[in-house]
Amino acid sequence: MAQITQDMKDMIAKQLAYIATVDTDGNPDVGPKMTMRLYDDSHLIYDEFTAKQTMKNIEATGKAAVAYVDRKAFKGFRFSGKAEIHTSGPYVDAEQAYQQQTNPKASVQQVGVIDIDEIHLLDIGPKAGTRIE
C-alpha cells in the first residue's frame, strides 16, 4: 500500500474532491464531494448528504476512486479502494464531531469511507497514471 505524503495531505486539504463510482451494469458516476477529507493515513471520509447515485453505487459495488487536482500546478492524485457507507458507529461519530466544529448546521446521517488501496499520479506528462508504490 502506498504511503500518504505531506504533498498529498496538503492537496486533500486545499482542493475539491471528485468521486467516481460505477453501478452493477458498469455505468459510471462522478461528482464533487465538498466534505471529503483525510480521516487517517489510509482512509478518506465524507458526509453523504444526497444519498443518491454515488451512495447506491458504493452499496452495490463497494468500490470508489477519488481525484484531487491542483489545476494551476498541473498536479494531482487519484486514491482508490474499497468503499462503504456507514449510518452508525465510530466513523459517523467522528464525522458528527468534526462537523460540529466546522459546520454546526450540518446534519450527518450517513458517511462514506474509502479504504485507500492504490494511489496514482494525475500530473501532466509521461508520469500521468503512474501507480505510487
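View 1. Tyr-18 is partly exposed, with a relative accessible area of 39%, where buried means under 20% relative accessible area, exposed means over 50% and partly exposed lies in between (1.4 Å probe, protein chains only). This residue, Tyr-18, belongs to strand β1, helices (H or I, at least four residues) and strands (E, at least two) being DSSP runs numbered from the N terminus. Together with Leu-16, Val-30 and Met-34, Tyr-18 forms a nonpolar patch on the surface, whose accessible area is about 440 Å² in total. Patches are made of residues with over 30% relative accessible area and no salt bridge, like charges being joined within 9 Å and nonpolar side chains (Val, Leu, Ile, Met, Phe, Trp, Tyr) within 5 Å; accessible areas come from the Shrake-Rupley method with a 1.4 Å probe, and for residues only the protein chains shown count as cover. The model is predicted, so that local features need pLDDT of at least 70 and side-chain atom pairs count only at pLDDT 80 or more, while totals for chains, interfaces and linings use all residues. Residues are numbered from 1 along each chain as its sequence is written, and side-chain values use heavy atoms, with hydrogens and water left out.

**View 2. The nonpolar cores.** The largest nonpolar core has 24 residues, and those with the most contacts inside it are Met-36, Leu-44, Tyr-68, Phe-79 and Ile-114; such a core is a set of buried Ala, Val, Leu, Ile, Met, Phe, Trp, Tyr and Cys residues joined through side-chain atoms within 4.5 Å. At least two residues of this core come from each of α1 (6-14), β1 (17-22), β4, α2, β5, β6 and β7 (111-121).

View 3. Met-8, Met-11 and Ile-12 are the buried residues shown in α1. They cover an arc of only 100 degrees around the axis, which puts them on the same side of α1, the arc being that of the directions from the helix axis to the C-beta atoms. Gln-6, Ala-13 and Lys-14, on the other side of α1, are exposed. The buried residues of α1 pack against β3 (37-40), β4, β5, β6, β7 and β8 (131-132), where contact means heavy atoms within 4.5 Å.

**View 4. Helix α2 and the glycine that follows.** In α2, the buried residues are Thr-54, Met-55, Asn-57 and Ile-58. Seen down the helix axis, the buried residues of α2 fall within an arc of 165 degrees, so they line one face of the helix. The elements that cover these residues include β1, β2 (28-33), β4, β5 and β6. Gly-62 follows α2 and has a positive phi, near 70 degrees.

View 5. Arg-37 is buried, with a relative accessible area of 15%, and Glu-95 counts as buried at 0%. Lys-75 forms a salt bridge with Asp-123, with 3.3 Å between the closest N and O atoms, and here Lys-75 in strand β6 is linked to Asp-123 in the loop between β7 and β8, 48 residues apart. Lys-75 counts as partly exposed at 35% relative accessibility, whereas Asp-123, at 14%, counts as buried.

**View 6. The salt bridge of Glu-84 and Lys-82.** The side chains of Glu-84 and Lys-82 meet in a salt bridge of 3.5 Å, N to O. Glu-84 counts as partly exposed at 34% relative accessibility, and Lys-82 is likewise partly exposed, with a relative accessible area of 45%.

**View 7. Loop residues with positive phi.** Most residues other than glycine have a negative phi. Ala-51, although not a glycine, has a positive phi of about 55 degrees; this residue is found in the loop between β4 (43-47) and α2 (53-61) and is partly exposed, with a relative accessible area of 30%. Phe-74 also has a positive phi, near 55 degrees, and is found in the loop between β5 (63-70) and β6 (75-86), where Phe-74 is exposed, with a relative accessible area of 51%.

Notes. A salt bridge is a side-chain nitrogen of Lys or Arg within 4 Å of a carboxyl oxygen of Asp or Glu.
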